[in-house]
Amino acid sequence: MSSATPPHFLAFPDLASRAAGGAVLWANDEVFAEKENLITPAAAEHRPATFGHKGQIYDGWETRRRRGATPDSCDSAIIRLGAPALVHGVVVDTAWFTGNYPPHISVEAANVAGHPSVEELVHKTEWTTIVERAAVNGDTRNPFPVKSTRRWTHVRLSMYPDGGIARFRVHGQGVLDPGFAAALPLDLAALENGGRITACSNMFYSSPNNLLLPGTPRHMGEGWETSRRRDAGNDWVQVRLAGEGLLAAAELDTSYFVGNAPGWARLSGRSGEGDWFEVLPRTDLQPDTRHRFLLEDDRSVTEARLDIYPDGGMARLRLFGHLTELGRQQVRQIWAASA
């Protein structure tokens with residue numbers, strides 16, 4: 001990843017994922033396979049000739065065969081994103097669906113304040129198309145870029161006329177509500193607050209976006225892990241914060257990394273394109289441990305860099321603090337521009 005050129009939408013985290021706090025709230029049909037499978041973080045699995053009382057078991061969402069379908073007949077599912085977000089692209093993954101995938105799909109989005117009920121979402125919400133009806137292939141990850149500049153809280157995936165979809169990924173960037181920005185101390189690196197990865201040295205085993213996910217990881221695969229270094233260098237990752245802020249504490253979590261945790265870590269910060277300065281000096285790390293550090297530097301930062309030595313895996317990175325007045329202004333501007 002690089003901050004020099006606009007990243008491909010796949011470089012952004014999947015904010016529909018259960019790991020990011022997403023949820024499938026409704027589907028009009030799920031006779032053969034449950035709608036919740038759409039947002040499972042792991043890739044879809046398949047074991048042939050495994051039958052339940054509804055037929056072949058699929059790790060995805062599958063509806064019944066429609067009879068008397070019209071050209072506009074479709075099955076739909078509504079997904080709540082983990083945070084209000086700018087959506088840069090979606091992936092409709094039909095893995096393992098070969099004779100039963102939908103020929104076409106479309107995606108709509110809505111921005112709904114608060115915590116709407118299913119009834120409100122299905123019958124009272126205005127939806128905007130962000131992916132026009134398009135053909136998809138079976139057993140394929142079908143990517144679709146999205147050019148919308150508005151923020152969205154929910155998406156509606158429709159398939160024409162019926163069939164099965166294994167996974168649905170919604171890649172984008174969280175947008176922080178200015179009300180929360182003004183009232184609370186925050187994890188300024190969190191995806192849900194608008195933090196994002198801007199660059200990293202290595203993501204051989206897993207994405208650095210995992211560092212900024214909410215909650216605690218369930219296993220090593222839900223963190224960031226690099227390949228083994230055979231040189232004198234070290235691995236690193238850069239994070240753009242929710243806005244300009246003052247850092248008060250950091251959490252460096254190596255949970256589940258036992259034989260492959262880094263030996264040491266160092267945190268740096270900078271404001272804008274200025275010079276990097278040390279926030280946390282090079283510090284010993286322990287395997288499978290949540291390390292918490294108070295930070296005493298009073299300089300404002302907009303970006304942070306975590307260096308690990310020499311390589312290895314980290315589960316989470318938390319950077320707690322308050323936005324400055326400029327940071328709160330930045331958040332208000334982003335919120336207003338994405339309305």
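**Entry 1: prolines in loops**

I started at Pro310, which sits in the loop between β19 (301-309) and β20 (313-314), where strands are DSSP runs of E with at least two residues, numbered from the N terminus. I noted that the peptide bond joining Tyr309 and Pro310 is cis, with omega about -15°. Before going further I wrote down that this is a predicted model, in which local features need pLDDT of at least 70 and side-chain atom pairs count only at pLDDT 80 or more, while totals for chains, interfaces and linings use all residues. Residues are numbered from 1 along each chain as its sequence is written, and side-chain values use heavy atoms, with hydrogens and water left out.

I then looked up Pro161, which is placed in the loop between β9 (151-160) and β10 (164-165), and I found that the bond from Tyr160 to Pro161 is cis, with omega near -10°.

**Entry 2: positive phi**

Why did I write these places down? Most residues other than glycine have a negative phi, and most peptide bonds are trans.

I found that Tyr256, although it is not a glycine, has a positive phi of about 75°, and that Tyr256 lies in the loop between β15 (235-253) and β16 (264-270). Is Tyr256 buried, partly exposed or exposed? Its relative accessibility is 40%, so Tyr256 counts as partly exposed, a class between buried (under 20% relative accessible area) and exposed (over 50%), with a 1.4 Å probe and protein chains only.

I also noted Asp288, whose phi is positive at near 50°, in the loop between β17 (277-284) and β18 (290-294). Asp288 counts as partly exposed because its relative accessibility is 45%.

**Entry 3: two domains**

I read the domain assignment, which is automatic or from a database, and it gives domain 1 (9-174) and domain 2 (178-327). Their centres, taken over C-alpha atoms, are separated by 31 Å. The contact (heavy atoms within 4.5 Å) takes 10 residues from domain 1 and eight residues from domain 2.

How much area do domain 1 and domain 2 bury between them? I found about 780 Å², 61% of it on carbon and sulfur atoms, where buried area is the accessible area (1.4 Å probe) that two parts lose on being put together, summed over both.

Across this interface of domain 1 and domain 2 I found zero salt bridges, a salt bridge being a side-chain nitrogen of Lys or Arg within 4 Å of a carboxyl oxygen of Asp or Glu.

Notes
Helix = DSSP H or I, 4+ residues; strand = E, 2+ residues; numbered from the N terminus.
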